[in-house]
Amino acid sequence: MISIRGLTKRFGRTMALDGFTLEVQRGSVCGLIGPNGAGKTTAMSILATLQLPDEGDALVGGLNVVENPAGVRALTGYMPDFFGVYDGLRVWEYLDFFASAYYLPEGGRNRLIGNLLELVNLGDKGDCYVDLLSRGMKQRLALARCLVHDPEVLILDEPASGLDPRARAEVKEIIRQLGRMGKTVLISSHILPELAELCDRVAIMENGRVVVSGTVDEVTAAGSGSRLIVVEVVEGAGDLARWLAPRDGVSLAEADGRSVRVFFRGDRNEQAALLREIVAGGYAVTQFHEVRRNLEEAFMAVTGEVNGR
Amino acid sequence: MKLNPVLLREMRQRFRTFRTPLIVSLYLLVVGGLCLGYIYLRWRHMPGFYQPGRSRELFITLSMVQLILLAFVTPGLTSGAISAEREKQTLNVLLVTRLKPLGIVAGKMVSSCAFMVLLIVATLPLYNVILLYGGFSPGQMLGVFAFYLVTIFLFGSVGMACSAFFQRTGPSTVAAYGVVFAVMVGTILLGGFIYEVSRVPGPVPAPVPVISQLLQDLNPPVVMMRILGEGAPFGPGRDLVMPYWGIYSAFYLLVSVLLLVWSAARLKPRRAGGRTTWRQ
């Protein structure tokens, strides 16, 4: 549904996007992760037809964002990372304005607005002035605005930023519901555990390009190539950590009570070989297992590796 | 016929607040105060009767005051039209809709001009006071109102263009007032300067250079005075190709339309050839 190939965008000497490539399948929820300045917002604003790329192609639903921006806009709902609302407009007037801006017929607009407000849990706020809503409510109203023309694709740039946990949970639930409705969602966020829960696929960006992409499991496994293994022994955890530290494939070994956390580069056979060596070394091993890293750790590992840290 | 969505929203926002009747009241207070104050001063010097011949003087004064107020209010209304949307971060969500940039600019422009026209129409009862005593024709009054419409359109589009060019409303407003000042005062000063420089002292009046003639034909106060039957400030006020009001209207309407089209073009995404794009 979204196909981006070799997208490049410069702002003066700053390279915001440098060969950015990404595929998002129809009906999937794809998370875009990256540190500040990685190029997430630039990529999203190009997809939303707000900026032109210097090089490369971006297609939404098969339509090129440069050649057919009007067609792309009809297919796309865009929520920027920062947005304002109009003073002196009621909630239903705000949505009615955007419905008219998409040239939706007047008949049936009231029902549409009612349904959208119900979807985002603002059903009782239709007559409130938008500038008086709380931040969480404004975010949900912005989601409703994105949906006013029933787009197939949603581009959500940090939709839960600056919200309290309760408001975040509400926004998250709405996005989950949109995924169930079959919308294709491209979402960026700094709250990585939440992305892991929401997304079918994630892409980690750094320096204007995608470094790793795939399902959440694939990306967390990819990390930097090193796996976190916990070895629990009856006694002598400190000795074991010192014994492991200089061995091949071990980048870090640290004792933590009766266990040792080992960052080890190697496949399953090499893990088995390491276990045999530890046992042969005279350590009484009670547990030896790999700890699955979460998305946040994978993100730190991947972006750290790209930057040579 | 479907109303431009931006126009409808702007109207809704503008005419709903307490600020609008307040501005109209203040405007009427200023214009009416000046008008009635003038009548009072004239009556005070010759109590008991009012000289009808003076109403022409009053009409000219009132028209000039109104023109100056237009020059102050109109750029102020439009110089934040686009830049304020940027500052409030509402522009991006507007641009991803199916609205065309020219439609957005036109909606905002018509809304601002409608407000100015409301201000002018609200002053009509004051003109009736003068009309009661005669001294000018209804045709001249209509001419002045048509002149106001062209001038509002010009000042409004200058403000709109500044608003599209500058990222912030502050610099946009300063620039808009600068351009309006150049049109109101600069044209006549430059025209007069060129006339004086090219004039050969002597008993025979020197012909007015074309550029000076053109500049005085493009100066709003001069054009308005000529509509009211007053003479040109320098030279006999000859016609260039078409009458002075034709030159004024045609030139400024063309400039205004070009400024609006340019403003709309500024809203379209651009490749970053320079250091920034409009989104920064």
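The model is predicted: local features need pLDDT of at least 70, side-chain atom pairs count only at pLDDT 80 or more, and totals for chains, interfaces and linings use all residues. Residues are numbered from 1 along each chain as its sequence is written, chains are lettered from A and ligands numbered from 1 in the order written, and side-chain values use heavy atoms, without hydrogens and water.

**The sheets of chain A**

Helices (H or I, at least four residues) and strands (E, at least two) are DSSP runs, numbered from the N terminus. Strands pair if DSSP finds at least two bridges between them.

| Sheet of chain A | Strands | Order | Pairing |
|---|---|---|---|
| Open sheet | 6 strands | β6-β7-β8-β3-β9-β10 | mixed |
| Open sheet | 4 strands | β2-β1-β4-β5 | antiparallel |

Take the sheet of 6 strands. β6 (76–79) and β10 (209–215) of chain A each have a single partner strand, so one side of each lacks a neighbour in the sheet. Neighbouring strands are turned by 15 degrees against each other on average, direction ignored. Axes are lines fitted to C-alpha atoms, for helices over the stretch in contact; angles run from 0 to 180 degrees between N-to-C directions.

Strand β9 (201–206) of chain A runs antiparallel to β10(A), joined by 6 bridges. Ile204(A) has Val212(A) as its bridge partner in β10(A). Helix α5 (135–146) of chain A lies across β6 and β7 (153–157) of chain A, at about 160 degrees to β6(A).

In the sheet of 4 strands, β2 (14–24) and β5 (63–64) of chain A are the edge strands, each pairing on one side only. β1 (2–11) and β4 (55–60) of chain A pair in the antiparallel sense over 5 bridges. Ile4(A) has Ala58(A) as its bridge partner in β4(A). Helix α1 (40–47) of chain A packs on this sheet and touches β1, β2 and β4 of chain A, its direction making about 115 degrees with that of β1(A).

**The interface**

Contact means heavy atoms within 4.5 Å. By that rule, 28 residues of chain B are in contact with 37 residues of chain A. The two chains bury about 3,100 Å² between them, 57% of it on carbon and sulfur atoms. Buried area is the accessible area (1.4 Å probe) that two parts lose on being put together, summed over both.

The rule finds 3 salt bridges across the interface of chain B and chain A. A salt bridge puts a side-chain nitrogen of Lys or Arg within 4 Å of a carboxyl oxygen of Asp or Glu. Arg16(B) forms one with Glu93(A), the closest N and O atoms being 2.6 Å apart. α1 (5–16) and α5 (91–95) of chain B are the elements that give two or more residues to the side of chain B that touches chain A. α1(B) gives the most, with 6 residues.
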